[in-house]
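Thanks for coming, everyone. Please bring up the model.

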Amino acid sequence: MKKLLLSGIVLVLAACAGPKGGGSGSEVSKGEAFDMRAPLRVPDIATLKDTKPRKLVGKYVKSDWSKLPGWAQDDAKDLWLGLYNNCRGLMRPVSGSLSLPARAAPRDWVSVCSKVAAMGLDVDAQTAKQYIQSQLQPWAVFTSNNTSKGMVTGYYEPVVRGSRSAGGVYQWPMYSVPSDLITVDLGRVYPELAGKRVRGKLVGTRLVPYDTRGDFSNRTSSEKSKVIVYLDDPVEAFFLQVQGSGRVMLPDGSALRLAYADHNGRPYSSIGKWLADRGELPIAKASMQNIKAWAQQNPNRVPEMLNSNQALVFFREEPIVDAVVGPKGAYGIPLIAKRAIAIDPTVVPLGSPVYLSTTMPASSEPLRRMVFAQDTGAAIKGIARADFYWGSGPEAGQLAGRMKQDGFMWVLWPKDAGQPSAR
């Protein structure tokens with residue numbers, strides 16, 4: 001019976017992971033307010049329940065700070081703010097749910113984060129680096145066959161123009177989560193499917209795949225979900241969905257954040273590849289700028305292009321309360337530009353500080369800095385695989401779009417806690 005049920009689910013829906021910017025779920029409400037500068041509270045270790053360890057597929061080899069290339073040159077900008085707030089996530093109790101990504105073991109971090117809390121937020125760069133080096137042990141990340149090189153890509157938060165109401169150029173709706181979308185965590189029923197989720201809707205008593213992008217757009221207004229905001233460009237709207245979040249500038253000069261809330265469970269397809277396959281654009285020139293130009297020249301074919309990608313992302317609205325911080329990642333902590341990465345949580349548990357050694361986009365110039373593993377992504381899989389968060393706006397987008405570099409990782413773990421572990 002179990003085998004038949006599993007087979008039926010797999011045929012009906014594909015297990016899927018959301019895009020970056022909070023797509024993988026967390027044990028914190030994504031919509032709750034988050035004050036990056038509030039006092040850090042560290043619970044008594046006795047109150048932190050220890051759950052069963054989660055297996056990590058990476059191999060960790062004890063290293064030394066002297067072997068971390070460029071550590072002395074890390075300028076430490078926003079580093080202490082990143083560590084301070086990463087401790088907020090580390091000090092949350094874990095539920096032990098196998099449907100959530102693996103997290104750094106909280107009990108390993110109580111001593112380190114207690115000292116961070118006592119030092120407060122007003123810590124200079126030199127003191128921050130000295131404290132980190134005195135408390136944390138680098139562990140190089142390897143595969144089982146002793147390969148340590150991985151791939152580093154980049155992502156960012158788009159800044160777009162929008163309006164609360166449709167009209168004029170504001171015609172492209174960004175939707176909240178529809179009431180008929182159902183998400184099933186398979187790991188809650190079958191532990192061997194930990195982390196696997198399926199999405200669909202009920203038709204009578206049957207669970208069927210949720211609407212494709214095209215199907216959803218053809219629904220009547222009453223059948224759709226609430227529109228949060230209308231954007232002024234279809235391609236910008238598409239790429240905001242790919243990134244998983246974005247800042248929207250409204251006509252009155254105010255701004256809001258569209259934060260990832262859920263998606264329809266359909267597979268992602270590249271509209272650049274769709275254009276290339278039809279001879280509309282060479283694949284090498286399928287940049288956002290060229291796709292936007294094609295859309296302006298072919299307005300009647302824009303829905304056809306967009307609907308070639310069946311995936312559709314749904315959002316929630318969040319206020320922008322601190323210009324320094326970005327959207328919340330899968331760890332439930334707001335991301336700081338150039339201090340956060342998306343990782344594969346089966347290799348590096350969420351919440352782990354990481355030292356990353358790579359190069360600047362399309363360049364051999366070194367990019368070496370301490371970052372925090374606070375996000376995940378559907379395409380971020382494997383040893384030393386990372387997606388580097390560049391921040392918000394066009395410049396960040398250009399850097400992210402060009403980034404596909406070799407990289408190496410060291411997970412930084414409390415010295416008295418042994419090698420990295422996950423819960």
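Start with helices H6 and H8. From H6, Val-235, Glu-236 and Phe-239 make the contact. On the H8 side, they meet Met-288, Ile-291, Lys-292 and Ala-295. What classes of residue make up this contact of H6 with H8? There are 5 nonpolar and 2 charged residues, and no polar ones. Keep in mind that this is a predicted model.

Now the geometry. Two packed helices are described by the angle between their axes and the distance between the axes. H6 covers residues 234–243, and H8 covers residues 288–297. Their axes come within 9 Å. The crossing angle is roughly 140 degrees. Antiparallel would need over 145 degrees, so H6 counts as oblique to H8.

Is Arg-423 buried or exposed? Buried: its relative accessibility is 13%, and the cut-off is under 20%.

In sequence, Arg-423 and Ala-102 are 321 residues apart. In space, their C-alpha atoms are 5.6 Å apart.

Finally, the polar atoms. The side chain of Arg-423 makes a polar contact of 2.9 Å with the side chain of Asp-50. Thr-51 takes part through its backbone: the oxygen there lies 2.9 Å from a polar atom of the Arg-423 side chain.

That's it from me. Over to you.

How values were computed
Residues numbered from 1 in each chain as written. Predicted model: local features only at pLDDT ≥ 70, side-chain atom pairs only at ≥ 80, totals over all residues. Heavy atoms only, no water. Buried < 20%, exposed > 50% of the residue type's maximum accessible area, 1.4 Å probe, protein only. Polar contact = N/O pair within 3.5 Å; in protein donor to acceptor, adjacent residues only side chain to side chain. Axes fitted to C-alpha atoms, helices over the stretch in contact; angles between N-to-C directions. Helix = DSSP H or I, 4+ residues; strand = E, 2+ residues; numbered from the N terminus. Parallel < 35°, antiparallel > 145°, perpendicular 65-115°, else oblique. Contact = heavy atoms within 4.5 Å. Nonpolar A, V, L, I, M, F, W, Y, C, P; charged D, E, K, R; others polar.
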